[in-house]
Amino acid sequence: MQAKKRYLLVSVGACSLLLAYLCGLQIGEFHSQNRAALYGLSQVPSFPPRWPEWVDPPLQTYLGEAEQEEDGPLLLHQHTSPRERREIQKNIYKSRRCRMDTCFDFQRCERGFKIYVYPPQKGEVPSESYQKILAAIEESRFYTTDPNEACLFVLSIDTLDRDQLSAQYVHNVRARIQSLPLWYEGRNHLIFNLYSGTWPDYTEELGFDIGQAMLAKASTDMDNFRPHFDISIPLFSKDHPQKGGDKGFLNLNNVPPLRKYLLVFKGKRYLTGIGSETRNALYHIHNGDDIILLTTCKHGKDWEKHKDARCDRDNEEYTKFDYQELLHNSSFCLVPRGRRLGSFRFLEALQAACIPVLLSNGWELPFSEVIDWSKAAIIGDERLLLQVPSITRSVGSDRILALRQQTQFLWDAYFSSVTKIVLTTLEIVHDRIRTHMSRSRQMWNSLPGGLYALPEFSSDLSLFPFYYSTLGKSPPQEFTAIIQALTPLQSQQQPIFKLIHAVAKSKFCVQILVLWNCEKPPPPRNKWPSITTPFSIIEGKRKTMSGRFYPHQAIKTDAVLSLDEDSVLSTNEVDFAFIVWQSFPDRIVGYPARSHYWDSGKGRWGYTSKWTNEYSMVLTGAAFYHRYYHHLYTHYLPMSLLSMVDQLANCEDILINFLISAVTKLPPIKVTQKKQYKETMMQQGSKASRWADPDHFAQRQSCMNSFTSWFGFMPLLHSQLRLDPVLFKDQVSILRKKYRDIERL
């Protein structure tokens, strides 16, 4: 009887538990459906199980100004209400399924990729960093002032710092954005952000609903990152330069590429809270010899109230080493997460050619859509900290050198200035829209980088001058001569007639194009020299100096010989310069050289035509270069510079030297010394000569500084190299020399 009662009780209990379980499933499904309807999703996002959370008593802040810069100002500890937490989750996950094909209107981009920046509202003063971002967009080739032709929209509202406790936090962003007439739930909008969330959780919360807008964000978590829609950008300080930026610190490729230290780190240690675990454990692998990992608790006013047993010892050792000395003398630099996933240490390590060792699980690395970080960094795991020393010691010298070289390339190409960070972001979006002519991954990860390799020119790497050696391709054996004609054709004794005959005799010349920039109409074909080489005249619609470098469809060869109408060249000189260019297809190769210098008295750059042993420019009055530079000159440079050249009718040759040197990071190549390369230099008083204009030289001085200002640095480099034919000027029989005519000039 007792056994039956016990059996009955057990059965009833089991049934009760089963009913409770089934009811729980129904209730859970009911809540899931409601939440799916709330998020606008077909199903609820699955979240990994979480450990129970215990809330510590309120802590007083003890962070100093330096830490506040990295982590965002922390003025006090505030707990969020359940309602606020639900709102945070709603904002984070509401549009997490957005992709380019679902949340982007491609029809707005049919007329081209143009970007519109909303005008600032009255009394609105963005932060210094956001002003730099907006300036970079407004100076880019994509900017437009007409919202009707825009493909992408950028807010004038500063959204960089969304830490509610920050002095730069902008209030009422939600209402201000919703009032924008072109917001359309964020579609075709790009939002920039460096800091999100606040103490103590530092979530991805921005304080407003981004809707269907793309997010260019630092310290992005992989779980919340929308692939091929959002863009991960690096965390940069307010002091990061607007343009140009400092060069990387790798001056010599020493072999073996070993430095004094193997692995270094110097930074704050957080005693509690998110991001404290990894930095608190660094002392386990610090050996004081070749692994120097220094942390300090001494930051903030009240640090002594919270210090632990290691703080005094750590603080003492922390002061013994200089951070810059460690940075520049170590093979690897540890980059652990801070309060957020990103850290300023990342860009500092790249610039110093110190290979980053990343310990920030879940961080979507900057521009990971296009950059192959395995070629420039060691991606570690916070849970495997003790394995870091053995991993870094196992990297061979050849691999260290390759990684170090790639850090310098990436720093210079994409990260050394705010402008480069912004332009890289815009070009990634541009490639997504024009997928049929987007850049390949090789373009992004090899010199000169994606910003200088415009996919509108071609998607075929072999057509760019930078990839000849990589692809094992030989430069072409033919060229097109383009002669700039500015004066009317009056007699057959003009220099242009002699020039056409000399160029036509070259065995490498396959066509001659005369770019007619004279106000009078060009003469008929029978008035021009009679030659067998294909000959045609191109009459520009706008007779401007910039039109000289327009990418005309008539140019069929990769090699271009640019000539002024009054240039004096023999066939031997043309052939020799072309042979030299074939060894340097990515550079300018030619005869007339000029140089630049820094005038310390006036605090500006100067231009000189004096004969010295150095030069930094080869003028395009008689020079070879690749036709891709016509495309880059026309479509990469801003209209402000091109308009300046056209208004002055001057400096176009200086500007293209600036551009090519900025791309290649190399000087041009001068061939065979020659004191006369223009017919009109013998008659300086001629009105036909631009050199007779007294303002000509002063204008070129001014151009030097205007161009430097736009580039953000001086790209021109000096060289003492001059290439002459074999046996040039040697006291041997003229019959033994290949280019005999050159010495007679």
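**Entry 1: salt bridges**

I am working with a predicted model. I started with the salt bridges, and the count came to 26. I then looked up some of them one by one.

I took Lys 243 and Glu 139 to begin with. Their side chains meet in a salt bridge, at 2.8 Å from N to O. I checked where each residue sits. Lys 243 is in the loop between β5 (231-232) and β6 (261-268), and Glu 139 is in the loop between α5 (128-138) and β2 (152-154), so this pair ties together parts 104 residues apart in sequence. Is Lys 243 buried or exposed? I found 19% relative accessibility for Lys 243, and buried means under 20%, so Lys 243 counts as buried. Glu 139 has 36% relative accessibility, so I noted it as partly exposed.

Next I looked up Asp 558. It forms a salt bridge with Lys 473, and the closest N and O atoms are 3.9 Å apart. The cut-off is 4 Å, so I kept this pair. Asp 558 lies in the loop between β13 (535-539) and β14 (559-564), while Lys 473 lies in the loop between α16 (468-471) and β11 (479-485), so the pair ties together parts 85 residues apart in sequence. Asp 558 is buried, at a relative accessible area of 9%. Lys 473 is partly exposed, at 27%.

Then I turned to Arg 700 and Asp 653. Their side chains meet in a salt bridge at 3.0 Å, N to O. Both partners are in helices: Arg 700 in α22 (residues 694-711) and Asp 653 in α21 (residues 652-664). They are 47 residues apart, and the pair links distant parts of the chain. Arg 700 has 1% relative accessibility and counts as buried. Asp 653 has 6% and counts as buried too.

**Entry 2: nonpolar cores**

Which residues touch the most other members of the largest nonpolar core? I found Phe 192 and Phe 415, in a core of 79 residues. Helix α14 (residues 418-433) gives the most to this core, with 8 residues.

I listed the contacts of Phe 415, leaving out residues up to four places away in sequence. Among them are Pro 234, His 240, Leu 347, Phe 367, Trp 373 and Ile 421.

There is a second, separate core of 52 residues. Its members include Leu 454, Ile 555, Ala 593 and Met 714.

**Entry 3: α5 against α14**

Two packed helices are described by the angle and the distance between their axes. I looked up both for α5 and α14. Their axes come within 9 Å and cross at roughly 60°. I noted that the two helices are therefore oblique to each other. Their crossing is right-handed.

Which residues make the contact? From α5 I wrote down Lys 132, Ile 133, Ala 136 and Ile 137. From α14 I wrote down Val 418, Thr 419, Val 422, Leu 423 and Leu 426.

**Entry 4: Gln 582**

Last, I looked up a loop residue. Gln 582 lies in the loop between α18 (571-581) and β15 (589-590). Its relative accessible area is 14%, so Gln 582 is buried. I set aside its neighbours within four places in sequence and looked for contacts. I found Pro 475, Pro 476 and Gln 477 in contact with Gln 582.

Definitions and conventions. Residues are numbered from 1 along each chain as its sequence is written. This is a predicted model: local features need pLDDT of at least 70, side-chain atom pairs count only at pLDDT 80 or more; totals for chains, interfaces and linings use all residues. Side-chain values use heavy atoms; hydrogens and water are left out. Helices (H or I, at least four residues) and strands (E, at least two) are DSSP runs, numbered from the N terminus. Buried means under 20% relative accessible area, exposed over 50%, partly exposed in between (1.4 Å probe, protein chains only). A nonpolar core is a set of buried Ala, Val, Leu, Ile, Met, Phe, Trp, Tyr and Cys residues joined through side-chain atoms within 4.5 Å. Contact means heavy atoms within 4.5 Å. Axes are lines fitted to C-alpha atoms, for helices over the stretch in contact, and angles run from 0 to 180 degrees between N-to-C directions. Angles under 35 degrees count as roughly parallel, over 145 as roughly antiparallel, 65 to 115 as roughly perpendicular and the rest as oblique. A crossing is left-handed if the near helix is turned anticlockwise from the far one by less than a right angle, and right-handed if clockwise.
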